[in-house]
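Hi there,

Here is the structure I promised to pass on.

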Amino acid sequence: MLSKIVEAVLPTLSHIFNASLFTSVFPKQCKRGMFRPLPKVTTPTNKNDFRPIRILPILSKTLEHIVHKQLIDICKHTTYRTLHQSGFRTGHNTVTALLKVTEDISEAMDR
């Protein structure tokens, strides 16, 4: 049953996502979300003990994921970043950045 629903809906979703990417317009319906208060502390007593969280529609999150993946793919295949960049790269993080700095310092001290 679920596969039949997916088959019926997928062409329409693909059209919406492709049109959004082609025109660079994010659909207004995807911008609407519900705000929910999330407590910052265990037992909140006033409004300052909450932070607003916006719950976005699943279509919005899906389109966001598609755009993110395309941007990452573009960055992988272009020279807009250096090979030593650790942020926003799969398999790289603050540890790899610190290892690179430590290696550079060690090499400089050896020279």
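Leaving aside neighbours within four places in sequence, Leu38 touches Asp49, Phe50, Arg51 and Ile53, where contact means heavy atoms within 4.5 Å. Leu38 and Asp49 are 11 residues apart in sequence, and their C-alpha atoms are 8.5 Å apart in space. Leu38 sits in strand 1 (residues 34-39) and counts as partly exposed because its relative accessibility is 40%.

A word on the source: this is a predicted model, in which local features need pLDDT of at least 70 and side-chain atom pairs count only at pLDDT 80 or more, while totals for chains, interfaces and linings use all residues. Residues are numbered from 1 along each chain as its sequence is written, and side-chain values use heavy atoms, with hydrogens and water left out.

As for the whole protein, 4 helices and 2 strands make up its secondary structure, in the order α-α-β-β-α-α. Helices (H or I, at least four residues) and strands (E, at least two) are DSSP runs, numbered from the N terminus. The C-alpha trace spans about 65 × 50 × 30 Å along its principal axes. Buried residues are 9% of the 111; buried means under 20% relative accessible area, exposed over 50%, and partly exposed in between (1.4 Å probe, protein chains only).

At the other end of that scale, Leu2 counts as exposed because its relative accessibility is 63%. Leu2 belongs to helix 1 (residues 2-23).

Happy browsing, and write back with any questions!
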